[in-house]
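Here is a short briefing for a first look at a protein chain. Please view the sequence and the structure before reading on.

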Amino acid sequence: MADQNVHNAGFTPGGIKGGSTGSEMMSKEARSHEGGVPSGGPTSTLQEMGAKSSTHSSGFTHSGISSGTKASGMMSQEAKSHGGETPKGGTTSTVQSVSMGGKGK
């Protein structure tokens, strides 16, 4: 289900679908980063997972983040660099939101 939610948001093996939640995210992220989409950010992470259908296997599941996975490592690292909290709008929270069927906001 998590991989399908990512695909439904526009992150597909063929790229980000125009007019999708993914394209809106990409546009917003590019504007806030002087025209580029940073590697490791929400858009690039979701596109990589959407292209490989690896969201669920990375630990981002419909039930939450699975312990001992790439997702839990990302969450831990992000929390350490933000004073112990995972920031809203950060990579971990955005990927988890989209994998659960949300819009990543």
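Predicted model: local features only at pLDDT ≥ 70, side-chain atom pairs only at ≥ 80, totals over all residues.

The protein chain holds 5 helices and 4 strands. Their order along the sequence is α-β-β-α-α-β-β-α-α.

**Overall shape**
- The radius of gyration is 13 Å, which agrees with the value near 13 Å for a compact globule of 105 residues.
- Along the principal axes, the C-alpha atoms fill a box of roughly 35 × 30 × 20 Å.
- Of the 105 residues, 43% are buried.
- Take the contacts between residues at least 6 apart in sequence: 50% of them join residues at least 24 apart.

- In soluble globular proteins, nonpolar side chains tend to be buried together.
- Here the largest nonpolar core has 11 residues, among them Phe11, Leu46, Phe60 and Val95.
- Helices H3 (42-52), H4 (70-80) and H5 (91-99) each give two or more residues to this core.
- Ala71 is one of the core residues. Leaving aside residues up to four places away in sequence, Ala71 touches Ser58, Gly59, Phe60 and Ile65.

**Largest pocket**
- The largest pocket holds about 310 Å³ of space.
- It is lined by 14 residues, and the closest to its centre are Met25, Lys28, Glu29, Thr94 and Gly104.
- Helices H2 (21-32) and H3 each supply at least two lining residues. H2 gives the most, with 6 residues.
- By class, the lining has 7 polar, 5 charged and 2 nonpolar residues.

Definitions and conventions
Residues numbered from 1 in each chain as written. Heavy atoms only, no water. Core = buried A, V, L, I, M, F, W, Y, C linked by side-chain atoms within 4.5 Å. Buried < 20%, exposed > 50% of the residue type's maximum accessible area, 1.4 Å probe, protein only. Contact = heavy atoms within 4.5 Å. 1 Å grid on protein atoms, 1.4 Å probe; cavity = no way out; pocket = protein on both sides within 12 Å on 5 of 7 lines; lining within 4 Å. Points joined across faces, edges and corners; volume = space filled by probe spheres on them. Nonpolar A, V, L, I, M, F, W, Y, C, P; charged D, E, K, R; others polar. Rg over C-alpha atoms; globule rule 2.2 N^0.38 Å.
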